[in-house]
Amino acid sequence: KGTLSRLLAQPVPRDYIINAKFVAALLVVAIMIFTLGFLTIGLGILMIGIPPTPEEFWRIFFFLFVTIVYIGVWLNLAIMFSVLFKQAATSALSGLAVWLFFSLFFAMVVNIIIGATAPADVTNIEQIIGYQGFVQNILRLSPSQLFSEVTTTLLVPTVFTLGPITVEQAYGYVPGPLPLAQSLLLIWPQLTSLVAAACMIFALSYVLFMKQEIRSRS
C-alpha cells in the first residue's frame, strides 16, 4: 500500500524490516507444516492403530524440516522479487514463473539439450556412468530436484544411492532398509545445497534492500 516510506521514517533500523519479514513468514510456515504433519500422524494412529517407531517418527520429523527449508528457498525468492519490483502483482507473477520453470519445465529443457548433445558412440561403461552423473548434477540445479531426492531417501528407507552405479558396485548388496543415520548422510549434500540456496537468495535480497532508495509516493 505504499507505506514502506512511512515505516522507514520511524526510528526503526532498515535491516529489522527485511529480517522480520522473512522470520515471520518462515515461522508461520513452520508452525503450519509441523501442525499438519503431527495432525496427520495422530490421524494415522487413530485409523490404523499402529504407532510409528522412533526411527519412523524421526524420518517424518526430518521430512517436515526439509519441507520448511524448501519452502524457505521460494520464500526468499519472493522477498527478493518484492524488493526488485514495486508492483506486488509483478513480483508475485515473477516468483510464480520461476517456480513453474524449475518445477515443471527445467527437466524437459535439460532432457532436450541432453538428447541433442549426448555422445553417440560411447562403449565404455565408466564414460556412460560419468555422463549420467553429469546430467544428474545439472538437474540438481533445480531446488525441486534436490527436494525430491531428499524426500525419497527419507520416506523410502530402501533407497541406498542417489546416483548411477555399476553392477560391480552393487554386487553383494543385500536389499534392506538403511538406518536413519545412513539416510541422513546420503542426503546431506542435497540438504546443504537447499540451505545454501536459501541463504544466498536472502543475502542478495538483504543487500538489495539495504541499498535501495525508497521514496514516498505522491
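I began with R140, which is partly exposed at a relative accessible area of 22%, where buried means under 20%, exposed over 50% and partly exposed in between, with a 1.4 Å probe and protein chains only. I note that this is a predicted model, in which local features need pLDDT of at least 70 and side-chain atom pairs count only at pLDDT 80 or more, while totals for chains, interfaces and linings use all residues. Residues are numbered from 1 along each chain as its sequence is written, and side-chain values use heavy atoms, with hydrogens and water left out.

**Salt bridges**

I searched the whole structure for salt bridges (a side-chain nitrogen of Lys or Arg within 4 Å of a carboxyl oxygen of Asp or Glu) and found two. In one of them the side chain of R140 meets that of E149, at 3.1 Å from N to O, and E149 is buried, with a relative accessible area of 6%.

I then looked up E55 and R59, whose side chains meet in a salt bridge of 3.4 Å, N to O. Both residues lie in helix α3, four residues apart, about one turn of the helix; helices here are DSSP runs of H or I with at least four residues, strands are runs of E with at least two, and both are numbered from the N terminus. E55 counts as partly exposed at 33% relative accessibility, whereas R59 counts as buried at 4%.

**S144**

Next I turned to S144, which I placed in helix α6 and which counts as buried at 16% relative accessibility. Its side chain makes a polar contact of 3.0 Å with the side chain of Y70, a polar contact being a pair of N or O atoms within 3.5 Å, where within protein one must be able to donate a hydrogen and the other to accept it, and residues adjacent in sequence count only if both atoms are side-chain atoms. Setting aside neighbours within four places in sequence, I found S144 in contact (heavy atoms within 4.5 Å) with Y70, W74, F102 and S103.

**Second largest pocket**

Last, I asked which residues of the second largest pocket's lining are closest to its centre. That pocket holds about 270 Å³ of space, and of the 13 residues that line it, V73, L141, P143, A197 and I201 are the closest to its centre. A pocket is an open set of points on a 1 Å grid over the protein atoms alone, where a 1.4 Å probe fits, with protein on both sides within 12 Å along at least five of seven lines, and lining residues have an atom within 4 Å of a point. Helix α8 gives the most to this lining, with four residues.

Note on methods
Grid points are joined across faces, edges and corners, and a volume is the space filled by probe spheres set on the points.
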